[in-house]
Amino acid sequence: METGQKPMEIANNTPKTLKHIDLSIQISLNGLSFCVLNKKSNTITYLKHFEKEKKLSPFDALDFLKHLFNTESELQQDFNNIHVIYVNELATIVPKALFDEELLADYLKFNSKILKSDFIAYDSLDINESVSVYVPYVNINNYIYDTFGSFTYNHFSSILIEKVLQIEKHAEDAKLYVHVNKEHFEIVATDKGKLVLYNTFDYSSQEDFIYYILFTVEQLKLNPEKIQLIFLGDIDKESNLYTITYKYIRHITFGTKPNTYNYTNKPKSNYSDFVLTQSF
């Protein structure tokens with residue numbers, strides 16, 4: 001899956017000795033995450049998160065990214081492919097039948113705070129004939145382009161929605177997928193394999209967390225005693241977020257990453273880093 005716009009290309013004369021090594025970078029203003037895949041052995045050899053207590057600016061995020069490339073030996077390999085994933089709230093989903101490339105800013109301005117100078121990109125989601133419109137960080141794109149040559153990038157929501165819909169392709173019921181991150185979470189609601197809703201919410205307490213989940217359940221006219229809720233991301237049964245959710249939602253399970261990768265270091269769970277590991 002590539003960005004819906006023309007991918008950037010550049011001639012790169014540096015020989016790539018390890019043509020089977022791919023890198024995915026997840027860019028958030030709360031921190032950066034990296035995943036290295038050895039495609040020859042089908043092994044994820046490096047999976048690491050670098051969180052920040054204070055939210056960064058896009059400029060500080062770039063400085064942090066440069067620092068990590070200079071200090072992490074695993075990031076100093078010759079990568080065959082590089083994929084960047086942007087995690088922010090500056091995104092919206094548009095049905096493909098209503099999509100017009102000339103109206104990108106109009107799609108975002110009603111639910112996101114954007115600047116006139118913001119570059120806006122889009123991903124085509126063929127799985128449900130929709131388009132994800134979003135703001136990537138141009139300074140980071142330019143750095144990756146100048147340093148490594150051509151690469152691909154997507155919004156976090158594009159990969160999450162696509163993978164959930166693949167899992168739910170033959171489902172006969174409704175599901176609520178909740179992908180938990182530090183200080184924000186995404187909800188993907190499906191019904192019989194079709195996307196019903198995607199949204200992202202910031203939270204600072206467990207009360208915020210359950211409020212937005214129950215608000216979504218109410219708005220979609222779902223029954224909290226019957227709806228199946230599947231957690232992904234950074235959460236487990238010992239979490240306060242799980243505990244408070246279980247007070248109101250009866251059927252809760254944890255998802256599974258639909259891949260067969262080997263891991264040099266075992267991940268936190270089979271549903272953590274769901275999007276990052278699905279991006280290759």
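**Figure 1. Helix α3 and the residue that follows this helix in the predicted model.** Just after helix α3, Gly149 takes a positive phi of about 90 degrees. This is a predicted model, in which local features need pLDDT of at least 70 and side-chain atom pairs count only at pLDDT 80 or more, whereas totals for chains, interfaces and linings use all residues. Residues are numbered from 1 along each chain as its sequence is written, and side-chain values use heavy atoms, with hydrogens and water left out. Helices (H or I, at least four residues) and strands (E, at least two) are DSSP runs, numbered from the N terminus. Within α3, which covers residues 138-148, the residues Asn139, Ile140, Asn141, Tyr143, Ile144 and Phe148 are buried, where buried means under 20% relative accessible area, exposed over 50%, and partly exposed in between (1.4 Å probe, protein chains only). The cover over these buried residues of α3 includes β1, α1 (58-71), β4 (81-87) and β8; contact here means heavy atoms within 4.5 Å.

**Figure 2. The chain as a whole, for orientation.** The chain has seven helices and 14 strands, and along its principal axes the C-alpha trace spans about 60 × 45 × 40 Å. For 280 residues a compact globule would have a radius of gyration near 19 Å, and the 19 Å of this chain agrees with that; the radius is taken over C-alpha atoms, and the globule rule is 2.2 Å times the number of residues to the power 0.38. Of the 280 residues, 49% count as buried. Among contacts between residues at least 6 apart in sequence, 61% join residues at least 24 apart. The accessible surface comes to about 14,400 Å², of which 49% belongs to carbon and sulfur atoms, with areas taken from the Shrake-Rupley method with a 1.4 Å probe.

Figure 3. Six strands form an open sheet in the order β8-β4-β1-β2-β3-β14, with mixed pairing. At the edges stand β8 (152-155) and β14 (262-263), each with a single partner strand, so one side of each is left without a neighbour in the sheet. Two strands are said to pair if DSSP finds at least two bridges between them.

**Figure 4. Strand β2 between its two antiparallel partners.** Strand β2 (residues 31-38) is mostly covered, since eight of its eight residues are buried. From β2, Gly31, Ser33, Cys35 and Leu37 point one way, while Leu32, Phe34, Val36 and Asn38 point the other way. Strand β1 (residues 21-28) pairs with β2 in the antiparallel sense over eight bridges, Ile27 stands opposite Leu32 in β2, and the two strands form a hairpin with two residues between them. The pairing of β2 with β3 is likewise antiparallel over eight bridges, and Gly31 stands opposite Glu51 in β3. These two strands form a hairpin with four residues between them, and Asn42 in the turn has a positive phi of about 55 degrees.

Figure 5. Leu108 is found in helix α2 (residues 104-109) and is buried, with a relative accessible area of 0%. Leaving aside neighbours within four places in sequence, Leu108 is in contact with Leu90, Ala91, Thr92, Ile114, Ile120, Val133, Tyr134 and Val135. One of these residues, Thr92, is 16 residues apart from Leu108 in sequence and 6.4 Å apart in space, C-alpha to C-alpha.

Figure 6. Asn181 has its place in strand β9 (residues 174-181) and counts as buried, at 13% relative accessibility. Not counting residues up to four places away in sequence, Asn181 touches Phe156, Glu186 and Tyr203.
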